[in-house]
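Notebook open. I want to look up how the parts of this model sit against each other, and I'll jot things down as I go.

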Protein chains: 2
Amino acid sequence: MTQQAERTRRIPLSRDRVLTAAVALADEAGIEALSMRRLAQRLGVVPMALYKHVANKEELLDGMVDVLVSEIDPPVRGAAWNDAVRLRVLSARNALLRHSWARQVLESRNNKSPAVLGYMDSFIGMFLAGGFSIDLTHHVMHALGSRMWGFTQELFQDSGGGAAAGPADLGPEARAAVFREMAERYPNILKVATVSAHEDSVAGQGCDDQFEFEFALDLLLAGFERLHRQHWSSTPAKP
Amino acid sequence: MTQQAERTRRIPLSRDRVLTAAVALADEAGIEALSMRRLAQRLGVVPMALYKHVANKEELLDGMVDVLVSEIDPPVRGAAWNDAVRLRVLSARNALLRHSWARQVLESRNNKSPAVLGYMDSFIGMFLAGGFSIDLTHHVMHALGSRMWGFTQELFQDSGGGAAAGPADLGPEARAAVFREMAERYPNILKVATVSAHEDSVAGQGCDDQFEFEFALDLLLAGFERLHRQHWSSTPAKP
DNA sequence: ATTGACAAGTATACGGCGTACACCTAGCGT
DNA sequence: ACGCTAGGTGTACGCCGTATACTTGTCAAT
């Protein structure tokens with residue numbers, strides 16, 4: 001009976017179950033809250049049990065990236081290269097935005113899993129299918145960089161008030177003082193921050209990240225197209 | 001005498017000394033080896049002594065970024081905007097390349113110190129001085145993203161052999177097997193990897209990171225220039 | 001010269017982390 | 001019936017950041 005009860009109650013661990021739980025935990029509690037111990041607890045298991053399914057925490061993170069990659073749509077078929085690339089990147093971005101930990105984890109990984117290599121391979125394939133030379137494709141991939149994953153370093157996401165000021169909200173007079181100091185010390189930041197702010201707040205929610213992302217993406221894609229049309233090559237002459 | 005000896009032997013700690021030592025330690029031993037305890041040891045002091053000069057490890061890292069920023073050249077005066085931007089970015093890149101920890105630390109920071117804000121402000125100033133609209137400048141800064149700091153996510157820096165394969169060097173027959181499997185599973189990666197490899201190795205030291213960086217940078221700068229010339233605006237029409 | 005405030009450095013301890021290692025145990029092919 | 005093995009356990013180690021409470025060395029005002 002005890003065996004029976006336990007058998008029905010507890011489905012055995014597996015690499016997949018571990019990875020899925022890790023993703024869920026990181027989604028909910030943030031990547032900094034993802035520890036082997038907490039993950040084990042969530043799975044109703046002792047910490048060391050995880051090590052029967054992943055070699056160590058690094059491999060756990062690699063596995064989480066694989067989960068992420070599996071959520072990216074395959075390339076659309078029969079589209080022009082630029083549409084294909086654009087859609088794929090935006091699909092990756094959607095996956096990324098669903099998982100707040102993804103950017104940080106992707107940035108920290110060096111060794112590529114088969115899933116990651118597969119994604120990169122098929123990504124490269126879109127340019128080659130579009131008639132790009134291997135040479136140009138190579139450089140174009142570098143130029144895309146992390147934009148291939150649908151993200152870039154965000155510059156202005158900070159907490160508004162200048163410096164490492166303070167966590168507390170400020171009264172209106174203090175706000176004005178901060179504003180005045182900002183205007184004096186960082187006049188240019190203030191200009192771009194206010195031009196796009198709909199609220200009266202300094203550096204409010206004025207930045208539409210999605211717009212910024214697509215702006216830069218399209219700028220690059222247009223540049224790629226131009227180079228492709230003029231048969232650009234990194235080694236201009238061959239004797 | 002004892003006092004005298006100790007006074008001469010030990011110059012007192014200071015925030016600057018702490019930050020400088022932290023930078024040196026991270027330079028030499030890698031960022032993952034930088035702990036408060038090790039840093040204290042290097043300074044001949046008990047760990048908690050550091051906390052009289054930095055609030056916590058986060059602030060230590062922020063301070064290290066400030067050191068980094070201080071190594072970036074100021075903008076050249078009297079140059080065209082694109083030359084100014086280009087030179088400044090490459091100067092930042094040089095500073096970055098001197099400190100292997102810089103990329104990772106910059107990526108992880110959210111709150112900007114005054115030094116960082118100052119750099120951004122003067123960076124923005126280069127575009128404005130070049131006649132860019134505030135609107136375009138804003139989007140252009142986003143498009144640059146981390147390239148402002150002289151880096152991008154490196155894509156191909158991995159350890160050659162596919163997958164999370166193994167740490168050991170392989171014999172020639174094993175190498176060939178890996179190669180064959182790569183060719184089968186990741187044909188496109190293999191193409192771009194081999195076209196730029198001077199050695200017979202797969203994904204050898206074929207990538208000239210500096211070239212790739214400048215390639216993408218110049219592509220973006222050219223795009224910026226085009227938009228500027230045609231008076232691009234994110235809000236095309238005004239009633 | 002004495003004192004006493006204050007800043008700099010110390011000592012100890014806590015809770016958390018990743019994970020090495022030895023152990024148990026259930027289920028299965030023989 | 002038996003032993004192998006895969007999966008799960010218990011304990012322990014060394015590291016980490018840092019809270020708290022202490023000593024000590026310096027110097028200004030008395």
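Predicted model: local features only at pLDDT ≥ 70, side-chain atom pairs only at ≥ 80, totals over all residues.

**Domains of chain A.** Five residues of domain 1 of chain A are in contact with five residues of domain 2 of chain A, where contact means C-beta atoms, placed from the backbone, within 7 Å. On the domain 1 side of chain A I get three nonpolar, one polar and one charged residues. For these classes, Ala, Val, Leu, Ile, Met, Phe, Trp, Tyr, Cys and Pro are nonpolar, Asp, Glu, Lys and Arg are charged, and the others, Gly among them, are polar.

**Ground rules.** Residues are numbered from 1 along each chain as its sequence is written, and chains are lettered from A and ligands numbered from 1 in the order in which they are written.

**Chain A against chain B.** How many residues of chain A are in contact with chain B? I find 46 residues of chain A in contact with 46 residues of chain B. Helices α7 (114–129), α8 (134–144), α10 (187–195) and α11 (209–229) of chain A each give at least two residues to that side. Helices here are DSSP runs (H or I, at least four residues; strands are E, at least two), numbered from the N terminus. The largest share, eight residues, comes from α8(A). By class, the chain A side holds 20 nonpolar, 18 polar and eight charged residues.

**Symmetry.** I then laid chain A on chain B: a turn of 180° with a shift of 0.0 Å along the axis does it, at an RMSD of 0.1 Å. The two copies are thus related as by a two-fold rotation axis. The superposition is by least squares on the C-alpha atoms of residues with pLDDT of at least 70 in both copies. I also see that 100% of the interface residues of chain A are interface residues in chain B too, so the copies meet through the same surface.

**α10(A) on α7(B).** α10(A) packs on helix α7 (residues 114–129) of chain B at an angle of about 75°, with the axes 7 Å apart. Axes are lines fitted to C-alpha atoms, for helices over the stretch in contact, and angles run from 0 to 180 degrees between N-to-C directions. α10(A) and α7(B) are therefore roughly perpendicular; under 35 degrees counts as roughly parallel, over 145 as roughly antiparallel, 65 to 115 as roughly perpendicular and the rest as oblique. From α10(A), the contact uses Asn188(A), Ile189(A) and Val192(A), and from α7(B) it uses Leu117(B), Met120(B), Asp121(B), Ile124(B), Gly125(B) and Leu128(B). That contact has six nonpolar, two polar and one charged residues.

**α11(A) on α8(B).** The axes of α11(A) and helix α8 (residues 134–144) of chain B come within 9 Å and cross at roughly 75°. That makes α11(A) roughly perpendicular to α8(B). Glu212(A), Phe215(A), Ala216(A) and Leu219(A) meet His139(B), His142(B) and Ala143(B) here. I count four nonpolar, two polar and one charged residues in the contact of α11(A) with α8(B).

**DNA strand C.** Which residues come nearest to DNA strand C? Of the 17 residues around DNA strand C, the nearest are Ser35(A), Met36(A), Asn56(A), Leu13(B) and Met48(B); a residue is near if its C-beta atom, placed from the backbone, lies within 6 Å of the strand. α1 (2–9) and α3 (36–42) of chain A are the elements giving two or more residues to this surface, and α3(A) gives the most, three. The surface near DNA strand C divides into nine nonpolar, three polar and five charged residues.

**DNA strand D.** Around DNA strand D there are 17 residues, with Leu13(A), Met48(A), Ser35(B), Met36(B) and Asn56(B) coming nearest. α3(B) gives the most to the surface near DNA strand D, with three residues.

Conventions: Contact = placed C-beta atoms within 7 Å.
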